[in-house]
Every structure is written in C-alpha cells, then in structure tokens.
Amino acid sequence: MDFCHLHCHTQYSLLDGAADIGKMMDKAVKDGQKGVALTDHGNMFGAFKFVSEAKKRNLKPMVGCEFYLVEDRHKQQFSRSAGEKDNRHHQLLLAKNATGYTNLSKLCSLGFIEGNYQGYPRIDKEILVQYTEGVIATSCCLGAEIPQTILKGDIEKAEKLLKWWLDIFGEDYYIEIQRHSGLEQIDDTGMSQEDVNQVLLGLAKKYDVKVIATNDSHYVEEEDFKPHDVLLCINTGQVMHEEKRFKFPSSDFYFKTKDEMSKLFSDVPESIDNTIEIYDKIEELDLARDVILPAFPLPKGFKDQGSFLRHLSMEGAKRRYQTITAEIEERLNFELDVIIQSGYPGYFLIVQDFTSTARDLGVSVGPGRGSAAGSVVAYCLGITNIDPIKYDLLFERFLNPERVSMPDIDIDFDDEGRAKVIDYVIEKYGRNQVAQIITYGTMAAKMSIRDVGRVMDLSYGDVDKVAKAFPSSKVSLNEVLKGDDLSDKAKGSLNNEEKQMAYQFRDMAQQENETGQLIRLAQKLEGSVRNTGIHACGVIITPDDIRNYVPVTVAKDSDFLVSQFDNNVVEKAGLLKMDFLGLKTLTIIKDAVKLIEENHGTEIDIEAVPLDDEKTFELFQKGETIAIFQYESPGMQKSLKMLKPNKFEDLIAMNALYRPGPMDYIDDFVKRKHGQAPITYDLDEMKEYLEETYGITVYQEQVMLLSQKLAGFSKGQADKLRKGMGKKLKHVIDEMYPKFLEGCLKNNHPEDVVQKIWNDWEKFASYAFNKSHSTCYAFIAFQTAYLKSHYPKEFMAAHLNHNLNDIKSINFYLRECKRMDIEVLGPDVHESKAKFSVNTKGQIRFGLTALKGVGEGPIEELIRIRSEHELKDIYDITTSANLRSVNKKCMESMAAGGAFDSFGLSRAQYFLPFEKYDTLIEHSLKFGQLYQNEKENAQNSLFGDITDQILAKIAESRRVELCSKT
C-alpha cells in the first residue's frame, strides 16, 4: 500500500517544528515514499529550500501551509470583559499547480500584511475565496474549525461548515483524519481524537467526500520528541519540569513510515490510498527561475533599453574622458555588446538611476566595490568612480562573456543617506514591488547549550561552564560529537589546545547526568531556526506585485515588505536583489568636508583629491593611519612604515596583501620596492602586468591578464581560471592546465618555466585579491588620509561624531587627537553645538549630544537663547528656555558633564541643597518657571515695561544671592 505525508512541519514552523527538511526527505526516500508535503504554521519560509531539496532526491515536493483562519482578519482588538478572544483555527491548504502556489503565496502574504496579530499571520474566509484556484483544502487537524465544532458537540454546525467548504473547493476538498496517542480526553470535552474521527468519517460518507490519513508531523524520529519539547519550552518561555505548560500529549507526532501509517489506518485503507490521489493531482513545482528585471521607463526616441544604455554610456564617456580614444571606444563597445546580449541593460539602467538620484539628494555614493569597478560602462554611467582602464581592472572579472550569470553591483552609500535612496526606489517602483530580505537566526552550538540549559532550569553558572567548555565557534556540536572521533573538519580547523578541549567535551557528552543530557539535547537542536530578522542591506525590486513571485511578511516597526525567502535563494527564485550598503566612512568624509567649508570657507571636491599629494603620502609613510579607512590596524601601520608608499598603486597593493596568506609576501614586496631584493620575472613578457607590484602576483586580474598574454586564453577562459584557482576547484584547475601549457608552448615559452609559473599561481592565486575592490577601497582610504593630513581637526571631529555611542572608540580617537597636539575641550553651554565641532581657535569642542539625556530639542533651545543674550549663569537658561524641553534631567546631565563649568561653580554645587529645594538645579528651574509666568502675565498688563524691569532686577538679585551662598 502506497502513502505520502501531507501534513508536515519543519524547523520553519518557528520553535514548533523540529524537523530538518533534508533529514525528513532522506527518511521519505529510504521508506520508498514518492513525495512529501510542507505545511508549516502560517508561513512559507522553507518553500524554496523544500522544493530544491526534493528535486535533489527525486521526490515530488508538495507545497502548502497550515494557515491561521479567523472570522475577521482585520480585527485587532478584543474585549476581555465581553469574553472576546482571537479564535484562530488551523487550516491546511496545498498548491495543486503553479497557480495554486501563487495563490498560497498571496494568502500567506496577506496574513502578515493585513491579518498579523500578536505574531500570528491570520486569514479569513473573505480573502480565502478570492484565491482558491489551484488549491487543495482539507478539514485539517483538531485545531481546525470543523473538528473544533465537533468537540463542542454542535454536529449540525459542523455539517453546515463542511457544506461551505465543499461549495468552494468541490473535489479538491478532503476530510483529514489523524490518530495520535495521548488524545483520549480533549480539553474536558469528554471526547477523544478518535471520537472526532468517527464523526468526520460519517460526514464524509454522507456527503461523498474522500478521506485522507495524515500524521501531524513535527519531528523526524520518535526519539526527537524530547528535543521538540525543549523547543516548545523555548517558544513559551517555560521550563520542562512545569506541569501546567504547553506540551504535546505524546511522542506520536513524528514522520512515520508507510508501514506504520498503513497499520494505524488499516480499518480505513482508502484514507491511505487517497494520499496518492492528492500526490497525482499535484503538479511538480519548480520555483527556480532566471532573474526577472523590473521594466525601466525609456525616454522618447529610444526603441529599447540597449540603445538607451549605449547612449548614456557614450555621453558619460565624453564627460569622463573628454577624448574617446580607440582603446576606450573598443572597451565600451565590447562591454555594451556583452551586457545587451546577456539581457542585462535594464539592470545597469536601474542602478545608474538610483545612484544618480542619490547624488542629487545629497547622499554620498562610494567609488565602487567588488568586481563592478572593472566595468567602463559602470564608470561612464557614474555607478562607479574609478577608471578601470587606468588601473587595469577587468570587465570579465565582473561579467564573464562566455559564461554569463547575473551581475552583482553592490553600492556603498553614506549610512545616514541610505534610507533616502531606498525611499526613492519605493516611490519609483511602488511599495508592492520593493521588499527587504528576511534572515533566519539559527541555534549555533553555544546558543543551543544555553537555551537547553535554561529550559532544563539549570543554574546559570553550570550552563555557562558547559558553554565555555565547547572549543570554538569554528566547529559545530555535530562535528565534535558525531561518530567515534572528531570530524575531519574539526581536526583541520582546531589548534592543539582546542582539540584537547573538544575531546574533553566529548567525554562530558557521554556522562549520564544533567550535563550529558544537556549536551546531547543541544546537539539535537543545533541548527534549528530560532527567529527571523531582516538582511542589513539587501533590497528586492520586482516587475509588478512582489506577491506574484514570492510570499512576503512585514517589518516589525514599519510597513516595509520583507521576502519570506532569505538571501541565499532570492536570486535563484528570480528576484532582482540590490545591496544598498551603508558605509560610515562616507558619512565621516561628508561631515568633515562640511566642517572644513564652515571653518575655512574652502569647498573640497573629495572625488578629485590629487592622488600624488605628498603630504598625504607622508602620513602613510609614518604609519599615522589611525582613523584611516582599512589602514589603521597596528600591523598595517608597521607594514606601511616599512613600505614607505609613494604612489597610489602601493596603497592598492598593501590593501590586497594585508590579509592572511598574502601577508607572507609583504616582506619580499617591501625589499623589492627599496632595491634590497632583485625584481625578477619568470618571463620578460610578464613585466607589463607585474611591474607595478615589483614582480609579485598580487591580484586575480594579473593572473587573468597573464593567462591571456602567455597562453592566448580568451577573456572567458581567463576568468574561469581565476575562479578555479581562487576557489581551489581541483576539477577546473585540472581542466585548464593542459590548455594553458599548450597555449604557452605555442607561444614558444619554455615548459619548465611555464610549469613554475603555474605552480606559483596555484599556490598564490587562492590568496590573490580582487584588484577592483582593492582599488576602490584604497581610494576611500586616500580620501580620509588627505583630510587627516590637511584638515586634521575637522577630520577628527567628524570621526568622533560618528562614534558617540562607543565610549571605547571615543577614547581611542581622543588619544589620537592628543598625539596630534589637537586640544579637545569638554562640553560648554556657551560654545558647544550638537556634535563635536572645531572652534575659532582650532580646538575640538565636545558636542552636547555626547551627554546622556541631552537631545536635539534642548540643544536647539540653548543655541537660540545664547544667540539672544549672554549666558552668565544657569538662571539665564531657566528664565529663557522652554522648560518642557530643557528639563531637570537635561540640566543635571549638563551640570554633571561639565557644560556649566564656565559659570564658575563646581559641578557638585549644582546638586547641593539650595534654600528649600533639594538642589540648586531644582531651585533654578522653579525660579525660571515663576519668572516666565510673571513675564507672560506682564505682557498682557498696562505696566508691561515696568514689570520687565522689575523682573530683570529680581533675576540679577538671584545671581548675587547665588554667588554669596555658593
């Protein structure tokens, strides 16, 4: 008798399902099942992975969801006094075909967008009836509306409900029966699960509805019951020994075999057969597709995106190069032909649109990052700001003309302006076409140990001891504990001390005590999906409503849509993903430039700083690179002092070399530069591309260029070689070597030398860096170094401003200011602005926002009143400021932080009793309030001017009294 599971929860039923998709499917294959269903609670998070994993195993994936069904999805308030509550019923739906999948996706999305209440994405029948095409429905489990109605004893209503479902779904509606031990007495109803089954079977017979047997599967093996119980405790915040807590009634909720299910339902054999009927009804889904680009609106006069891209590129080339040489024109035409033939002109148009708009909005855009900087088209469009031709950056490193895949252009924006760009994209393409990307937080080894320890109600100290006994985050619990010895990966990645810890940890796991139980349970739960979050920078743009392509949820604190598929699969699902990256350094540069203009009246075009500036190179040569982007570590400073860079290319190389592996070559690089070691080339022909790095292969691009020159490789072959060596793909390396050797011999290069070159490349190419990326970030570094060397005070003030919430960093940069003989003064109510600033004497003054409790409102008030009159003491503040803004907490923060020191009193005096008040600050605030009230009354009096004079004298007498008493 054949059977397939149609009611399965996985780890994506967050903290309610413990089944790993792969393990569940492996069991299905082993048992001879032809397909398996996914029906997680309220979401379709795992759908793409589920379909992909099923295809690998030649299983038919049946995608569904167990929805939360309510009477009114819009209702968000329930009156306890009126006995109201959010009655949620479970409802299982399966996608019969691609249309059904889209409809489930829309229902699931609407559950989050319109029906989300206390974390439950809810739908109702009003919305359900709009999306029934291609969908199969069942009566579901005991938590569904018909079984719940039966449990209440209202069989007539249950029958009426069944008729409604049959009217909507017809032959695609099935009665679902389940049999789990522990459900002999349900919620004091006097009924068992089997009693409900018998009523359901009667209704099925009466209305000629087919019956299916399912098991409410929440974990793979029966022995997984306890780890699953731990998950439930983590979910509800309870501990395992609590009697009255949410728990499953038995260990029956596992992925049973065909034989187990057939025996369990031997009296209703058709219920087993009918699972195969549903299996046959369901068409196999393929959720993978090529990326679908949103339509980019074309101006009049252009027939297609390719012609418009060519026009913009050529116009941009005129601006960038003034004179378009044959070399530039050839490179442009080559790139444009590849882009257009690949079908990606729209992608470039979209990116150039929002980068151009960003600049118009005053948002700083980085010079580029990654391999995209190798594109002359991107440079001419203004997407990147580094000339690829000048620095030998390769387009084929970005887009291989012989093996085209979706290009990936990541853009850096200043971190404060990034949101403006995203808002523009939403406005341009529509809120329903733009989404952020979900992330899944999984339980790593130590988190798993700590979670299980809490649930077991063990002491924090005992659990902490076990967690700290685990050797390293580089390995998993499985890699340490599974099998008779450490895994090969664990042995390869752990040092000797860590290996010793790992073996001791294995011994702990074998113990028959709470510690051993804790570790074994943690091992079972490692990797479980614990929560969701939002990808830091990824944004999806779709051609039309995103729900036509992927189910979505919503961000917690906004109405921004979020894809239910994570970053690993969104592009495979056909979604255009853009990375809008916030880079703090760009904001620091932007603010420093603004401070320079304010203080010196000098406008700096930071994109045009001279890359041969001697003063900037002196800073690098001395290793004075604290606060310099990418170059501030002590090791980097030491290397720079040795290297003494005097050209921009040296900085590009050092950025690439200073990382594990290539670091070993820094010493030789330095010696060659300074003539302490000979600069040699295996072949004279290699000098053209290795001269700038003193004969040492540093960049991936050098390998690519040399393979073309020495062996006649095509651009595509060169990139394939780069990728094979960089990722240590042995099969690719083995395939490319004979071709490389043949090409080199054909060009009359000696075989022994060719062999040496290849061996050197194999060794170093896995470390070789992307020159495009290194060049872009060296350029940002040079910008910061230029500002530090020429305008050190403004640059350091900007740096301090963007580390306000990190006291460790503040102290670090204050020490650098001291080394540079830059005086940094504390906050002062007479001079301080909101942020760190540079005064007319060239001193950096603390900003008032550095004081806890002093926000923008109080600062605006202080700046206003000090522009109107001199501040002689705190009474000048309290008699003039809006005291709802400049309140007691704010005044105390300023006094304690030293902002009032210039008034001549010690900080302690502001907190001592004064007259009948607890502190001088309280007295001043009360006096200020009375003063302002009297002044307001005087303005409505015939004697306003006289009253003002009297009030002024009273205020002055207060000051005299203050001085005498303090």
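Figure 1. Strand E11 and strand E12 (residues 561–566) run antiparallel and are joined by 3 bridges; strands count as paired if DSSP finds at least two bridges between them. Val554 stands opposite Leu561 in E12. Helices (H or I, at least four residues) and strands (E, at least two) are DSSP runs numbered from the N terminus. The model is predicted, so that local features need pLDDT of at least 70 and side-chain atom pairs count only at pLDDT 80 or more, whereas totals for chains, interfaces and linings use all residues. Residues are numbered from 1 along each chain as its sequence is written, and side-chain values use heavy atoms, with hydrogens and water left out.

Figure 2. Axes are lines fitted to C-alpha atoms, for helices over the stretch in contact, and angles run from 0 to 180 degrees between N-to-C directions.

Figure 3. E1 pairs with strand E2 (residues 60–69) in the parallel sense over 4 bridges. Met62 in E2 is the bridge partner of Ala37.

**Figure 4. The open sheet of 3 strands.** Its order is E14-E16-E15, with mixed pairing. Strand E14 (824–825) and strand E15 (837–838) each have a single partner strand, so one side of each is left without a neighbour in the sheet. E15 and strand E16 (residues 844–845) are paired in the antiparallel sense over 2 bridges. Ile844 in E16 is the bridge partner of Val838.

**Figure 5. Salt bridges in the structure.** The structure holds 61 salt bridges, each defined as a side-chain nitrogen of Lys or Arg within 4 Å of a carboxyl oxygen of Asp or Glu. Arg179 forms one of these with Glu194, their closest N and O atoms being 2.8 Å apart. Arg179 belongs to the loop between strand E6 (173–177) and helix H7 (193–206), and Glu194 to helix H7, so that the pair links distant parts of the chain, 15 residues apart. Arg179 is buried at 12% relative accessibility, whereas Glu194 is partly exposed at 27%.

Between Glu277 and Lys210, the closest N and O atoms of the salt bridge are 2.6 Å apart. Glu277 lies in helix H10 (residues 269–281) and Lys210 in the loop between H7 and strand E7 (211–213), so this pair ties together parts that are 67 residues apart in sequence. Glu277 is partly exposed, with a relative accessible area of 23%; Lys210 is also partly exposed, at 42%.

Lys318 and Glu315 meet through their side chains in a salt bridge (3.2 Å, N to O). These two residues are 3 residues apart in helix H11 (residues 305–321) and therefore separated by about one helical turn. A network of salt bridges links Asp26, Glu53, Lys56 and Arg57.

Figure 6. A search of the whole structure finds 0 disulfides, a disulfide being a pair of cysteine sulfur atoms within 2.5 Å. The cysteine sulfur closest to that of Cys140 belongs to Cys141, and the distance of 3.8 Å is too far for a bond. Cys140 is buried at 2% relative accessibility, and Cys744 is buried with a relative accessible area of 1%.

**Figure 7. Packing of helices H8 and H21.** Helix H8 (residues 225–236) and helix H21 (residues 514–525) pack at about 85°, with their axes 9 Å apart. The two helices, H8 and H21, are therefore roughly perpendicular to each other; angles under 35 degrees count as roughly parallel, over 145 as roughly antiparallel, 65 to 115 as roughly perpendicular and the rest as oblique. Lys226, Pro227, Val230 and Leu231 in H8 meet Gln517, Leu521, Lys524 and Leu525 in H21.

Notes:
Buried means under 20% relative accessible area, exposed over 50%, partly exposed in between (1.4 Å probe, protein chains only). Contact means heavy atoms within 4.5 Å.
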